[in-house]
Structures are given as C-alpha cells and as structure tokens.
Amino acid sequence: ELERLRDALAGREGRGALVVGTPGAGRSALVRAFAAQSLMPVVLLKHVELAARMRGADAEAARGVCGELRKAGAVVALDPIAPWLLGRELPDDVQVELRALLASGAVPWVGVATPEEARRVLESDAWVERAAVRVELEELPPAQVRAVVRAQAKRLGAHHRVDVADAVADRAVELADRYLGGRAQPDRTLTTLNLTLTQTHHQNNTSLGAETVAHVVAELGGM
C-alpha cells in the first residue's frame, strides 16, 4: 500500500490518492509512514481549525490556503477528505477553489476515507475517480494481527513499565475479536491493551494478567 501511495503521488499513476479503509485499518498510519519517508514536505490540512479561522479575525490569511499550497511544493493530506468536499463549514468560494486545485493535478494530494465516505465523495465529485488512485486497506489476517499485537504490546508495556507476556497479548486479540466491535484489528486490541496497561500501572502491578484484560474487555463491551 505504501509503494502504491508513493507511485500515485509521484505522478506515475496520477497526482492524487484516496486511501480507503474501515476505522482502525491503518489509513492515517499509512499517511504518516509516507510523510516520514517522503522527500517532499507533507501538509496536513485540519478542517475544523481552518474552517473556524476562515470565519474569524484572520479570515483573509486562512482563505488564502489554496494559493499557499500551490507555492509550497508539498503533498496535501486531507484526513479525512469528506468534510473538505462535502461539508458546509467552508465558504463556498474556498471549497470551489480547493476542488479545482485538487482536480487540476497542480499539487499532489492524499485523501483518507472510510468506504462509506469514499462512496459519498465519488457520488458528489466524479473528478476524484479520474484524478486519484484508490488505495484499499484491508484488515490484517489473524496471524499478522497477533504478530503486530505482540510487538506493540512490548512497546506499550515498556512505556507503562508493565510486562506483557505473548500469551496475554494473544488472549487480548481473542477477546477483542469475540466481544468488541467497531474499529478494525489490530487497532481494536491495541486500544484495549493501552487501557488495561494504564490500569495495571496505576495499581502498581508490574505484569499484566489475562484476568485484567478480560475485565477491561467486559467493561468496553458493556457486559
């Protein structure tokens, strides 16, 4: 996915990319990984902040964002993209100018969306399908989920100064799969582990037990 994103933004397939995946599948992480390795600067546009500024005291400067992006020579990241194209908070003239900028290929850009958001964007703005390469993020297979969770559990455990055995990390994956919905794996399990490790640290324990994980999963699942 990272290689495909690089190719899209380098102009070998186009000048835009639409990263699509369910919440927790790693969409924002993919954009961050690209930014960390890119030779070009990456500008993340924050919709809520800029929309508020465009109607505030520094509206003139904020409304000049498209002109600044043209001069910056940077990749524009819209995470998520839906509010920029479908929202009502931006002034109409700014939204029209932003659409024209992205559609023209004058700047490379990457938008982030869930499958439902991508469907709505493509229905509203047909040019996105022509201008952007779609990069689909699928949920990892179970074996890879366990491997990622084991590795990240060690990192999270070191941060909280709590030991996490591989068997406990595997149990967390199993319980999150069985009882928790919402975000994709491994994000679902890692969120659970982070909460569990925080509780364990506050209780002055130095190792994480499977019973504590089960208790937190029960709380999160409303059981």
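I began with His160, which counts as buried at 9% relative accessibility, where buried means under 20% relative accessible area, exposed over 50% and partly exposed in between (1.4 Å probe, protein chains only). I note that this is a predicted model, in which local features need pLDDT of at least 70 and side-chain atom pairs count only at pLDDT 80 or more, whereas totals for chains, interfaces and linings use all residues. Residues are numbered from 1 along each chain as its sequence is written, and side-chain values use heavy atoms, with hydrogens and water left out.

**Helix H10**

I placed His160 in helix H10; helices here are DSSP runs (H or I, at least four residues), numbered from the N terminus. Leaving aside neighbours within four places in sequence, I found His160 in contact (heavy atoms within 4.5 Å) with Asn194, Leu197, Thr198 and His201.

I then checked the length of H10 (residues 142-160): at 1.5 Å a residue its 19 residues should span 27 Å, and the end C-alpha atoms are 26 Å apart, which agrees. The expected span is 1.5 Å times one less than the number of residues.

Which residues of H10 are buried? I listed Val145, Val149, Ala153, Leu156, Gly157 and His160. Seen down the axis of H10, these buried residues fall within an arc of 95 degrees, so they line one face of the helix; the arc is that of the directions from the helix axis to the C-beta atoms. An α-helix has 3.6 residues a turn, so residues three or four places apart point the same way. On the other side of H10 I found Ala143, Arg155 and Ala158 exposed, while the buried residues pack against helix H11 (166-179) and H12. Just after H10, Arg161 takes a positive phi of about 60 degrees.

**Thr189 in H12**

I looked next at Thr189, which lies in helix H12 (residues 187-202) and is buried, with a relative accessible area of 0%. Apart from neighbours within four places in sequence, Thr189 is in contact with Val149, Ala172, Val173 and Ala176; Val149 is also one of the buried residues of H10.

**Largest pocket**

The lining has 17 residues, of which Ala25, Gly26, Ala29, Leu140 and Pro186 lie nearest the centre. Helix H2 (27-37), H10 and H12 are the elements that give two or more residues to this lining, and H10 provides the largest share, 3 residues.

Technical notes
On a 1 Å grid over the protein atoms alone, a cavity is a set of points where a 1.4 Å probe fits but cannot get out, and a pocket is an open set with protein on both sides within 12 Å along at least five of seven lines; lining residues have an atom within 4 Å of a point.
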